[in-house]
Amino acid sequence: MTELESEVLPLPPRYRFRDLLLGDQSFQSDDRVQVEFYVNENTFKERLKLFFIKNQRSSLRIRLFNFSLKLLTCLLYIVRVLLDNPEEGIGCWECEKQNYSTFNQSTKINWSHIFWVDRKMPLWAVQVSIALISFLETMLLIYLSYKGNIWEQIFRISFILEMINTVPFIITIFWPPLRNLFIPVFLNCWLAKYALENMINDLHRAIQRTQSAMFNQVLILICTLLCLVFTGTCGIQHLERAGEKLSLFKSFYFCIVTFSTVGYGDVTPKIWPSQLLVVIMICVALVVLPLQFEELVYLWMERQKSGGNYSRHRAQTEKHVVLCVSSLKIDLLMDFLNEFYAHPRLQDYYVVILCPTEMDIQVRRVLQIPLWSQRVIYLQGSALKDQDLMRAKMDNGEACFILSSRNEVDRTAADHQTILRAWAVKDFAPNCPLYVQILKPENKFHVKFADHVVCEEECKYAMLALNCVCPATSTLITLLVHTSRGQEGQESPEQWQRMYGRCSGNEVYHIRMGDSKFFMEYEGKSFTYAAFHAHKKYGVCLIGIRREENKSILLNPGPRHIMAASDTCFYINITKEENSAFIFKQEEKQKKKGFAGRGTYDGPSRLPVHSIIASMGTVAMDLQNTECRPANSSKLALPAENGSGNRRPSIAPVLELADTSSLLPCDLLSDQSEDEMTQSDEEGSAVVEYVKGYPPNSPYIGSSPTLCHLLPEKAPFCCLRLDKGCKHNSFEDAKAYGFKNKLIIVSAETAGNGLYNFIVPLRAYYRSRKELNPIVLLLDNKPEHHFLEAICCFPMVYYMEGTIDNLDSLLQCGIIYADNLVVVDKESTMSAEEDYMADAKTIVNVQTMFRLFPSLSIITELTHPSNMRFMQFRAKDSYSLALSKLEKKERENGSNLAFMFRLPFAAGRVFSISMLDTLLYQSFVKDYMITITRLLLGLDTTPGSGYLCAMKITEDDLWIRTYGRLFQKLCSSSAEIPIGIYRTESHMFATSEPHDIRAQSQISINVEDCEDTKDVKEHWGIKTSHHRNSCSSDQSEHPLLRRKSMQWARRLSRKGNKHSSKTAEWISQQRLSLYRRSERQELSELVKNRMKHLGLPTTGYEDVANLTASDVMNRVNLGYLQDEMNDHQNTLSYVLINPPPDTRLELNDIVYLIRSDPLAHVANDGHSRKSSCSNKLGSGNPETRDETQL
């Protein structure tokens, strides 16, 4: 070791560390060595190779020069043939010429006519010069490309042809008699073809363009045909000099006729050399051309699969959008095309589909339809490759839609692919607008740079949550985001289908108020005044505005918002204002002539007479005693009578400007104030106080903060488990908790982060504390820790492990105490070997629950919308069959919503997330649709923006009579904007029975009801909860309907002698109904036995046989297809968006409302207003408006 250390010399003193860092000039100059690189390219051969072969541009010039020389030699050969006259004599150079005609009469072949030609001296000089240049170039290229095997270079066909056409000319320089020797210069056409192929390859390489194999193959095929024809023409013409003299044109004519297999026979070769040449040419053609055509067809098929390129010229002159998907299914394609091309201004757009998979057979058939073949271009490629993005001309695109593959088993991996596609497109074309669809909310922040993003799970869970409190919210939103003209169902004989189809054409549009005929006259008026009068006059529903200086959209900003000309108005109508014509009635024209001005107020609360008439219609009212009254109860109260008992009830007018003494802010905040100030006596001091605040823990980045009802302290994780007790409580089932409200059960596979958006809308601050429903999450897998951390702050939120196909799990989670069961589509079943079978398990499980718990409202999510026809399936339902025929008819008519008449969809009992794909597509034309949808669903909470809720029309509200008067009542009293109606009505489904038998059966049932069920009538109109509490646990007391039916059947059997022919069929049907009731009792016994086995009380379970009239009506009021006791009579529910003002209100209608934000003006109110609000609340009815929301 010491020897090694002694060998290492220390650095001199001047080589210090500072010198090593800063450098020392003497040290650096002493040891520097200059190194030259690529010295092997400095040799003469390498320089020539670089110029002739390696360098792209120089080699391209060389090949172009070579190609020009070959074409010139072919042209000179044609010139030589045209100048050659054999009749003047032929022979060698400076030899005695022999006459052509003397030999033509001979029967023998005179070979001198073939070997010798007449070549002029200038022509010979030019040909010799070209031959010399070609020869030298060929030798040089052979030298440069030599790799050790000289024979490989010599026996190349191109080299042999080059020697045949150049060496004889060079020999004639030294031997003049050979200058008239025939040389087959026309063979240079094959060398020209070879040079052209190489030149095209160099051209693509030089300009950095991807070579088109299809273009090259077509070029090769064309060149091969031309070379065959040219060779045959020149060869036959020359050989026939020794036989029948043929011109170049006749030879060309013969070749075309021969190669086209026509064969007229008017021109034929006469001597055997020319005939042999024809045989050789035909053999070559039969070998070469099929190979060329086969290659061309193969490339054509490959191009059909890959799609080729989108034309650069078309991309610069026409507009196009690009659709990027991982796999293209026919349903996805048709939804996109139908929605995209539904807008008139998009008819001239092209759609370029970029997909990495091969085109599906169904997709190929659709794209061959003339309607789409001229506008849709399919390209097989990846968005991660710049070459494919260049093929799609992404940088010239108007927009790029990137859709996720929701049928993937691993949805997170599908999102990762979408994110990479979005990044790749943004990197390649940063100015191209991006429309991205993401599946999971935790991945949304990765694509926040996109212009528009739709998160599937966010919208899905929020929509399913609102379905529990506002029935059929999913149907309402789906109809709003679909483009339709409202022509669906107009040819149907049924009134509900015509009205439902007409109202489904309503969409959200926007217009600047100063440019609008709808709203221009309401400048300077309040928002509610403009909304009511625009609806009354034009039938449009104003739902929101956007200030010019503020980019936020506000839904129903309330009466304190004063309309300005620069505001952007958002309204619901059949079509936009620009496409509307205005036809004024005669009396309205007379009013305009008689009154000047717009009918403004004379005072803060006084209206001119004509304004009263315009706003009130035929309703008489006493203006002097009219005042704005807050709605302090769930009923729309009747106004106080002014001494005249026979006067019809009136509605207060809608004020142009909000009165400062109005109680509107106080009324809007009454729910919140009461939640904190008032407690019922039965709750006592043991009730846990809820606080309002923002959830402290969000499960993912990017969730919008929402003010919610929260627990003062986070609940321990052990207390979130519903079916297991802990040290904090011993409850093990839903009955033990003693919930005041009905449960909402959510069945999901995993506790994904999107499930958080199901809880937030149901715990929002604007929902009364009394109406909060307990939420039970029935999960297949145990939730993760971070999800429990996010939900532990919400009140009455529990989870349980179990599945919906397990009856024990359903009973333990409290399904008999639930009003709503939400079945979420499972990720593991979204993909199946057979299309549309992914929903099979979900549909069968829901059908089982429908049979076991017929009073339960089940909301189901499906993967494929077409499978909704199997929900609540009945094999012999003739009405469903009629609806199926109507759906097919609407699909043939080109409807985008052919499934809208299916009863489960119309009632809001089934939902598919693919229905919301159109939201992303529609945002290309309406960039505000995603924002408005998120506001309606409660995903975003903009300060000052309202929220979606619902109210129910009771018997005490029917005095309002029409939807237009209800609009006025809501605007004048509580500043709420109605946007639609959810209607449930009884319907007699058509059957094949005779009419008189049906009538007889109905009369018989009514008589039996009058005789045997007088006590039942007393329960009509009573709430379902009270009736359930009054029910006994002994189920033997309740088979009343079954006993009545048996008695009635025995009476019919006694009367068999009378009307035997008519009643025989009816008796068989009654037996069938008895059999069905026996089946229902078996199901009921099964459920009760399982409840007893689990130790659960059976008092809460009610089967169909024990439902009274009150129960049936209460279920019907919820819009559920109930009444199975009579299979021919049923109920159907549907949504009417923005119905006409003269639409009659019916009992149990549920009205969709946009209620203004109760916190919008709190900060601006003084303490005096707060005190006045508390006084009003103290003296008013303690019942709040909680019941207006379901």
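The protein has 45 helices and 22 strands; helices here are DSSP runs of H or I with at least four residues, strands are runs of E with at least two, and both are numbered from the N terminus. This is a predicted model, in which local features need pLDDT of at least 70 and side-chain atom pairs count only at pLDDT 80 or more, while totals for chains, interfaces and linings use all residues. Residues are numbered from 1 along each chain as its sequence is written, and side-chain values use heavy atoms, with hydrogens and water left out.

Now the protein as a whole. Of its 1190 residues, 52% are buried, where buried means under 20% relative accessible area, exposed means over 50%, and partly exposed is in between, with a 1.4 Å probe and protein chains only. Among contacts (heavy atoms within 4.5 Å) with a separation of 6 or more, 76% are between residues 24 or more positions apart.

Next, the cysteines. How many disulfides are there? The count is zero, taking a disulfide as a pair of cysteine sulfur atoms within 2.5 Å. Take Cys 971: the closest cysteine sulfur, in Cys 541, is 8.6 Å from its own sulfur, which is too far for a bond. Cys 971 is buried, at a relative accessible area of 5%. Cys 283, by contrast, is partly exposed, because its relative accessibility is 43%.

Last, one leucine. Leu 657 sits in the loop between α26 (609–616) and α27 (664–668). With a relative accessible area of 43%, Leu 657 is partly exposed.
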